[in-house]
Amino acid sequence: MTTTTQPENAESMYDRIGGASTVTRVVDRLYTLILDDSLLRPTFHDKDLVPLKRHMTALLSQVLGGPKAYTGQDLATVHQPLAITDAQYRSVADYLLACLYIEHAPADVLAAMVETLTTLQATIVSADSDPAPVGSPT
């Protein structure tokens, strides 16, 4: 998992976007978009969203420099059985970036998230597909 290092007295990206309340809104909106997407819905249709949202909230908070609360399994281990394709990964990543944008995340925060999502892509994608990077047209 990649996080951006900041000077000790600098406000974290987490704080700059509005902290816990913003991250919660981002995650709620993200899962609404995921469940409305025909490419992604089959992966999530029979899942209990409460723990998924809790883990995503903790992970996103930590990546943004907030509380280090993510205690879930290794991302590769969790996602391997799901056979995530590059197209599915890019869709979720694009939705996440859109949700952050809607919450008025600054450009440098969005850029840092693109970097993190690009780094994590190879960890999460396990099915053969087109390996276009995050943020590229699909």
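## Aromatic pair

The structure holds 1 aromatic pair, where rings of Phe, Tyr and Trp (its six-membered ring) pair if their centres lie within 6.5 Å. Y31 and F44 form this pair, with 5.9 Å centre to centre and 80° between the planes, an edge-to-face arrangement; planes under 30 degrees apart count as stacked, over 60 as edge-to-face and the rest as tilted. The pair links distant parts of the chain, since Y31 lies in helix α2 and F44 in helix α3 (residues 41-44), 13 residues apart. Both Y31 and F44 are buried; buried means under 20% relative accessible area, exposed over 50% and partly exposed in between, for a 1.4 Å probe and protein chains only.

## Basis of the model and overall composition

The model is predicted: local features need pLDDT of at least 70, side-chain atom pairs count only at pLDDT 80 or more, and totals for chains, interfaces and linings use all residues. Residues are numbered from 1 along each chain as its sequence is written, and side-chain values use heavy atoms, with hydrogens and water left out.

The protein has 7 helices and 0 strands, and its elements run α-α-α-α-α-α-α from the N terminus on. Helices (H or I, at least four residues) and strands (E, at least two) are DSSP runs, numbered from the N terminus. Of the 138 residues in the protein, 40% are buried. Among contacts with a separation of 6 or more, 74% are between residues 24 or more positions apart; contact means heavy atoms within 4.5 Å.

## Helix α2 against helix α4

Helix α2 (residues 19-36) and helix α4 (residues 49-63) have axes that come within 10 Å and cross at roughly 130°. That angle makes α2 oblique to α4. Axes are lines fitted to C-alpha atoms, for helices over the stretch in contact, and angles run from 0 to 180 degrees between N-to-C directions. Angles under 35 degrees count as roughly parallel, over 145 as roughly antiparallel, 65 to 115 as roughly perpendicular and the rest as oblique. The crossing of α2 and α4 is right-handed; a crossing is right-handed if the near helix is turned clockwise from the far one by less than a right angle, and left-handed if anticlockwise.

On the α2 side, the contact is formed by V23, T24, V26, V27, D28, L30, Y31 and L35, which meet L49, L52, K53, M56, T57, L60 and S61 in α4. By class, the contact of α2 with α4 has 10 nonpolar, 3 polar and 2 charged residues. Here Ala, Val, Leu, Ile, Met, Phe, Trp, Tyr, Cys and Pro count as nonpolar, Asp, Glu, Lys and Arg as charged, and the others, Gly among them, as polar.

## Helix α6 against helix α7

The axes of helix α6 (residues 86-102) and α7 come within 11 Å and cross at roughly 160°. The two helices are therefore roughly antiparallel, and α6 passes α7 in a right-handed crossing. D86, Y89, R90, A93, L96, L97, L100 and Y101 in α6 meet L110, M113, V114, L117, L120, Q121 and I124 in α7. By class, this contact of α6 with α7 has 12 nonpolar, 1 polar and 2 charged residues.

## Individual residues

I124 is found in helix α7 (residues 107-124). Leaving aside residues up to four places away in sequence, I124 touches L75, H79, I84 and Y89. The C-alpha atoms of I124 and H79 are separated by 5.7 Å, although the two are 45 residues apart along the chain. L97, in helix α6, is 71 residues from V26 in sequence and 9.2 Å from V26 in space, C-alpha to C-alpha. T22 belongs to helix α2 and touches I17 and E103, again not counting residues up to four places away in sequence.

Two loop residues concern the backbone. Most residues other than glycine have a negative phi. A83, in the loop between α5 (75-79) and α6, has a positive phi of about 50° although it is not a glycine. H104, in the loop between α6 and α7, has a positive phi near 65° and is likewise a residue other than glycine.

The accessibility of these residues is listed below.

| Residue | Relative accessible area | Class |
|---|---|---|
| I124 | 9% | buried |
| T22 | 2% | buried |
| L97 | 13% | buried |
| A83 | 39% | partly exposed |
| H104 | 70% | exposed |
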